[in-house]
Amino acid sequence: MNNLAERFEEDGGARAKQEFLQDVFEGLSASPKTLPCKYFYDEQGSNLFEQICELDEYYITRTELALLSDIGNEIAERVGEGVTIIEPGSGAGQKVQILLDALLHPRKFIPLEISLDALEASTQELEKKFPRLEVIPHQGDFTDKKDLKKLPLVEEDTEQRLVFFPGSTIGNFSPHEATEVLSNLRLLAGENGLVLVGVDMLKNRDRLLAAYDDSLGVTAEFNKNLLVRINRELSADFDIEEGFDHRAVFNEEASRIEMHLVANKDQQVAIRDEVFEFKQDESIHTENSHKYSQQMFVDMALEAGLKNVRNWTDAQADFALFLLRPA
């Protein structure tokens with residue numbers, strides 16, 4: 001067993017499963033019913049998301065990757081030499097590799113990732129590709145303050161930090177929650193640090209809906225895999241094949257795409273010793289993806305104590321990267 005697995009087993013395996021169970025019970029007891037999107041990413045969910053990123057309809061990942069490649073040198077000039085990069089929710093580490101290639105002699109990379117498999121794989125790849133880079137991985141959930149405190153705060157005035165938060169992950173939170181997340185990123189960056197955030201921009205509604213309800217049904221499988229995971233890990237009996245359908249809608253008032261799992265019939269679902277009732281057409285709300293105009297995001301960042309230094313978009317203004325510093 002490797003060091004990361006040993007650390008996870010000692011520090012968090014049982015706790016993580018208990019929190020998963022508690023979150024599922026709380027979400028399915030609420031009205032309307034919800035499930036946290038952070039639980040999408042077991043091994044199969046991560047594989048399905050990688051497939052989503054390759055779909056014609058899903059423009060987000062390829063647009064951000066191209067944008068990072070285009071502006072990497074400009075980011076490097078603004079950040080300076082010998083920077084420490086922190087990435088909450090680091091995933092497979094594909095995007096940070098583009099950043100590391102562009103930066104001048106980056107000193108440390110500190111990823112925080114909830115998926116142990118993704119953390120192990122990305123750490124090994126980065127250590128091979130960047131042998132002079134000190135990689136300090138942390139297993140945990142960046143939305144959990146206990147896990148966030150595992151990441152070291154700035155100890156020296158000379159340490160320059162860049163907190164990297166790509167993928168429009170900020171869009172998964174309500175504006176109030178997103179402001180809190182940005183405030184936490186500001187603390188991680190320190191008074192002299194910078195924060196680089198990826199943001200999906202408002203655009204044609206049909207394009208947005210297609211990105212979250214693709215013609216091949218991969219996003220539907222990704223959404224339903226959350227129920228597969230609950231069945232496997234929490235001894236539930238969701239009817240995966242016929243019980244629920246994937247649905248994506250655009251909520252105009254809230255400026256967000258919503259993903260739902262909608263019951264096809266009246267049914268009962270047992271999870272451990274609890275039984276949950278579902279009426280036909282009742283929804284489990286699984287994910288939000290808020291979309292922003294430039295001004296909307298700049299205003300929200302300022303509420304979190306961060307001011308916009310520079311922002312970039314692709315030619316179609318589909319996606320933006322915002323470089324922020326403490327106000």
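Leu323 comes out as buried, its relative accessible area being 0% (buried is under 20% relative accessible area, exposed over 50% and partly exposed in between, with a 1.4 Å probe and protein chains only). The model is a predicted one, so local features need pLDDT of at least 70 and side-chain atom pairs count only at pLDDT 80 or more, while totals for chains, interfaces and linings use all residues. Residues are numbered from 1 along each chain as its sequence is written, and side-chain values use heavy atoms, with hydrogens and water left out.

Leu323 belongs to strand β14, residues 319–326 (helices, H or I with at least four residues, and strands, E with at least two, are DSSP runs numbered from the N terminus). Setting aside neighbours within four places in sequence, Leu323 has contacts that include Arg78, Leu162, Leu194, Lys307 and Trp312; contact means heavy atoms within 4.5 Å. Pro175 is 148 residues from Leu323 in sequence, and the two C-alpha atoms are 19 Å apart.

Arg161 sits in strand β6, residues 161–165, and counts as buried at 2% relative accessibility. A polar atom of the Arg161 side chain lies 2.9 Å from the backbone oxygen of Leu188.

On to the rings. There are 16 aromatic pairs in the structure; rings of Phe, Tyr and Trp (its six-membered ring) pair if their centres lie within 6.5 Å, with planes under 30 degrees apart called stacked, over 60 edge-to-face and the rest tilted. Phe25 and Phe276 make a tilted pair, because their ring centres are 5.8 Å apart and their planes are at 45 degrees. Phe25 is in helix α2 (residues 13–29) and Phe276 in strand β11 (residues 274–278), so this pair ties together parts 251 residues apart in sequence. Phe25 is partly exposed at 21%, whereas Phe276 is buried at 7%. Phe49 and Tyr58, in turn, are edge-to-face, since their centres are 6.1 Å apart and their planes at 80 degrees. Phe49 is partly exposed at 25%, while Tyr58 is buried at 7%. Both belong to a cluster in which ring pairs link Phe40, Tyr41, Phe49, Tyr58, Tyr212 and Phe222.

Charges sit over rings too, meaning that NZ of Lys or CZ of Arg is within 6 Å of the ring centre and within 35 degrees of the ring normal. The charged end of Lys33 is 5.0 Å from the centre of the Phe278 ring, and that of Arg229 is 4.8 Å from the centre of the Phe20 ring.

Of the 17 residues in α10, 13 are buried, so the helix is largely enclosed by the rest of the structure. Just after α10, Ser235 has a positive phi of about 55 degrees.

Notes: A polar contact is a pair of N or O atoms within 3.5 Å; within protein, one must be able to donate a hydrogen and the other to accept it, and residues adjacent in sequence count only if both atoms are side-chain atoms.
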